[in-house]
Amino acid sequence: MRLDKCLEKAQIGSRKQVKKLFKAQQISIDGQPARSLSQIVDPDLQDIQVSGRKVELEGSVYYLLHKPAGVVSAVTDQEHQTVIDLISPQDSREGLYPVGRLDRDTEGLVLITNNGPLGYRMLHPSHHVDKVYYVEVNGCLAEDASKFFASGVTFLDGTRCQPAELTILEVSLGYSRATIQLAEGKFHQVKKMFLAYGVKVTYLKRMAFGGFELGDLECGAYRELTSDEIQHVLTYFD
Ligand code: URA
């Protein structure tokens with residue numbers, strides 16, 4: 001079949017999006033950049049990749065999971081249960097992986113898919129995917145806290161962060177609650193930001209990611225994205 005048909009079938013994106021990927025040399029066949037979108041390919045015999053991820057032809061699946069604390073955001077792990085272990089055998093597919101990571105002790109929304117290139121696209125810094133976290137800390141978030149986060153936190157090691165929006169929900173001397181919205185995804189970012197302010201995160205839960213919300217999905221449960229939501233996901237290929 002033609003390469004463009006193959007990519008359409010694999011839900012890689014709109015025709016326009018696929019053209020852009022082709023021009024950017026993000027599409028490869030057996031390790032070589034694709035020559036033309038009309039070239040004939042056989043996905044059973046050839047390794048077709050977009051942005052370094054294998055294209056799966058069966059049609060991609062997309063699950064929104066409420067990760068419990070204690071479960072790791074990985075495909076396999078020697079010691080701990082993974083987010084992929086929470087997908088039932090009938091919903092499981094070859095190539096499922098979590099888009100981005102939450103720490104083992106963090107709870108909340110994780111997007112799981114077998115659309116290989118999606119993770120690369122959503123996590124690319126140019127896309128500024130918004131994340132919202134609910135946070136509990138072991139200290140006081142004083143009046144100046146919102147300003148501190150809005151002006152761009154500097155980690156204790158000197159790393160600079162972009163501005164983040166803090167909404168304080170409850171404050172006392174030894175305990176405060178808040179939500180924080182940010183567009184970056186640095187390692188342990190939320191914990192390090194609060195540490196820079198001078199408090200320790202005692203509970204962390206991701207409430208929203210890239211336009212998706214956890215809503216009332218039970219801890220440990222997952223659901224398939226609706227077709228409108230899949231259309232939204234594919235806009236990350238724009
Ligand atoms: N920030 C953190 O510190 N941990 C997470 O799991 C996610 C964001």
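**The ligand and its surroundings**

The shell around the ligand is made up of four nonpolar, three polar and two charged residues (Ala, Val, Leu, Ile, Met, Phe, Trp, Tyr, Cys and Pro count as nonpolar, Asp, Glu, Lys and Arg as charged, and the others, Gly among them, as polar). The model is predicted, with local features needing pLDDT of at least 70 and side-chain atom pairs pLDDT 80 or more, while totals for chains, interfaces and linings use all residues. Residues are numbered from 1 along each chain, and side-chain values use heavy atoms, without hydrogens and water.

Around the ligand stand Leu102, Asp103, Thr106, Tyr133, His188, Gln189, Val190, Lys191 and Leu204, each with a heavy atom within 4 Å of it. Domain 2 (62-126 + 214-237) and domain 3 (130-209) both contribute to this shell, so the ligand lies between them; the domain bounds come from an automatic or database assignment.

Polar contacts (pairs of N or O atoms within 3.5 Å) can be followed one by one. A polar side-chain atom of threonine 106 lies 2.9 Å from a ligand oxygen atom. For lysine 191, a backbone N or O atom is 3.0 Å from an oxygen atom of the ligand.

Key: A polar contact is a pair of N or O atoms within 3.5 Å; within protein, one must be able to donate a hydrogen and the other to accept it, and residues adjacent in sequence count only if both atoms are side-chain atoms.
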